[in-house]
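Visitor: I have not looked at this one before. Can you show it to me, and I will ask as I go?
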Amino acid sequence: MNADASALLGERTPAPLVNASRFRAAHAADWERLDQILSRIEKGSLRRLSDEDLLALPGLYRTTLSSLSVARDTSLDRALITYLEQLSTRAYFQIYGVQTSAWRQLGRFFLRGWPEAVRSMWRETLVTAFITFASAAVAFYLVRSDPSWFYGIVPNGLAGGRDPSASAETLRATLYARHQDMLATFATFLFTHNAQIAIFSFALGFAFAVPTILLIIYNGLTLGAFVEVFAAKGLAWNAIGWLSIHGTTEIFSLCLSGAAGIRIGLAIAFPGRESRTDSAVRAGRSAALVMAGAVIMLIVAGLLEGIGRQTVLDDTARYAIGGSMLLGWLLYFYLPRKAAG
Amino acid sequence: MAWPFRRRAEKPPKTLKRSFVTPEGVDLRLELGSAGARAAAFMLDAVAIIMALILVTIFVGLVGIAAKAEIMLILWLLGAFLLRFGWFSLFEMGGRGATPGKRLMGLRVVARDGARLTGGAVIARNAMREIEVFLPLTFLGMQAAEGLADTFLTLFALIWSGIFLFFPLFNRDRLRVGDMVAGTWVVRTETGRLGEDIGALAARRERRRFSDAALGLYGVYELQTLEEVLRNGKEDAIATVAATIRRKAGLESDGDDRGFLEDYYAALCDRLERGLLVGRRRENKYAA
């Protein structure tokens, strides 16, 4: 063998090209062009792409993809295969992974995505609504039986003087004050605070929904305690009117985000026939829509609070606005509509 | 990962390569982003958010004090809110599927099932960030501000964020809690150039020929290692490899290590590729 090999060494003849070389020669131009188009799209200049290039993109993508398959089976040039893998992946993301336009997405969210997601969670929503009002009732009766409970439920900062020791006059003044300083700022602050609570009650659902339910109970308790303070001074009707102008939207939205959290918790705790991860993903995606919607509702509530409450001082009008907002939301979410076409 | 998710059909492989089949039926073999790259991307984003927040605050402070306008305070509240909650979601909902930090690190968010990345998934994976990072931070900050942060509470916050922070290290797919709930994962996006064709280098001139026995020494693994050596172009590595091959094949040195390896590569590649065509793939030198 040794002699044989040495004899062959140095004897130089033209040898055949390897597959990779022939393959590169045949297709490199296509890959190169796809590479250029992709680079331009990735730099964000989709609009400056010529129609010709745009039309060529799917074809070039499929050519490259089949090049990749062929190269994997017939070529051992690793650099070539890696390059084709990267190129195909980039093209795949541009062709399949890219979102439709932001406006189209928003439109779909408001027309279908959001109400459908909310409707799919009606059971959880009923539960959170029940928990909210039950804990409000509990707090109401606790504070009624012993006003010192109020200080245990409501943190000092949030009360702002509206506690059991306040006189009927001060309380009445807080309900009908017209030019409260910084009210708009306070409404904005409340919005960010509430939005954070909405996001927490969604995210904490991951811990089998327990923290979410605690959050809902706490919200309900605060609500009940406040109402009792006013009710004790004979201002129940006025206070509920004052609350309801934005409160129907706000409480509904917190119920919905709570429901989103519970949905995730249940999906993880009891996946049923699905695998646990699949079940979590399905619940997570629709719950996220509900939560995003809840934040939008909180923006509406903030606007109602910042503007409506200052300008509308009449109790009946307040009830009318709060009631019609609630009715509007209910119709928007639960009114049956045509199935997706 | 096994226990609460015991229904998972099979364990994912230990490497970061994942099979990802396109509708055309080709497996793209995506590579997941490493934990280090993910952490770096998050740090970059966090720095960017803090910088933006500082700029907004300075701007609002200057304008607000000059105009004494309540509206500036409201704008600041809303701006901070949008930065904190919108930064990740809005960027990831865009066409690139990545925040600026992820883009710099060459990462991208992708739906695990290969479908389009929906807005719901992006919101879900980023809302979870609230309890992963921001909740323990605000909690701790709030308590510290009131002087209430005792050792126990600090420890609790640390453990809490530790669990979520290191969650990606405890599963092979490098999923955050948010990724799990949203059905997404983060993959590397690479833009490489096509490397030189080594097989063609040898074809430009007269080529050495090798006996069957000399070519029968190695398989695909060794071929691709040789490819790497040639591409790296390190002289000492080339000399070592050339000497080894010559010794095994019983050839004498002709003074041109690089030329010898290029020729040997082309010849071996040709031989192994001909094997592929008849369905014989010799993985390495131990295979028959």
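Visitor: For chain A, what percentage of the contacts with a separation of 6 or more comes from residues 24 or more positions apart?
Guide: The share in chain A is 80%. Two residues are in contact if their C-beta atoms, placed from the backbone, lie within 7 Å. Before going on: this is a predicted model, in which local features need pLDDT of at least 70, side-chain atom pairs count only at pLDDT 80 or more, and totals for chains, interfaces and linings use all residues. Residues are numbered from 1 along each chain as its sequence is written, while chains are lettered from A and ligands numbered from 1 in the order in which they are written.

Visitor: And what is that percentage in chain B, for residues at least 24 apart?
Guide: In chain B, 66% of the contacts between residues at least 6 apart in sequence join residues at least 24 apart.

Visitor: How many helices and strands does chain A have?
Guide: Chain A has 14 helices and zero strands. Helices (H or I, at least four residues) and strands (E, at least two) are DSSP runs, numbered from the N terminus.

Visitor: What is the mean pLDDT of chain A?
Guide: The mean is 83, and 88% of the residues of chain A reach 70 or more. pLDDT is the predictor's confidence in each residue, from 0 to 100.

Visitor: Changing topic, what domains does chain A have?
Guide: The assignment gives domain 1 (16-98) and domain 2 (104-334) of chain A, with bounds from an automatic or database domain assignment. Taken over C-alpha atoms, the centres of these two domains of chain A are separated by 52 Å.

Visitor: How many residues do the two chains bring to the contact?
Guide: Chain B brings 76 residues and chain A brings 74 residues. On the side of chain B that touches chain A, helix 4 of chain B gives the largest share, 10 residues. By class, that side of chain B has 41 nonpolar, 15 polar and 20 charged residues. Ala, Val, Leu, Ile, Met, Phe, Trp, Tyr, Cys and Pro count as nonpolar, Asp, Glu, Lys and Arg as charged, and the others, Gly among them, as polar.

Visitor: Back to chain A. At what angle do helix 10 and helix 11 of chain A cross?
Guide: The axes of helix 10 (residues 183-203) and helix 11 (residues 210-232) of chain A cross at roughly 145° and come within 7 Å. Axes are lines fitted to C-alpha atoms, for helices over the stretch in contact, and angles run from 0 to 180 degrees between N-to-C directions.

Visitor: Where is A:Ala209?
Guide: A:Ala209 is in the loop between helix 10 and helix 11 of chain A. Its phi is near 70°, a positive value in a residue other than glycine. A:Phe208 is found in the loop between those two helices of chain A, with phi near 50°, a positive value as well.

Visitor: Why does A:Ala209 count as buried?
Guide: Because A:Ala209 has 25 C-beta neighbours inside 10 Å. A:Phe208 has 16 inside 10 Å, so A:Phe208 counts as partly exposed.

Visitor: What does A:Phe333 touch?
Guide: Leaving aside neighbours within four places in sequence, A:Phe333 is in contact with A:Pro115, A:Val118 and A:Arg119. A:Phe333 lies in helix 14 (residues 315-334) of chain A.

How values were computed
A residue is buried if 20 or more other C-beta atoms lie within 10 Å of its own, exposed if 12 or fewer, and partly exposed in between; C-beta atoms are placed from the backbone.
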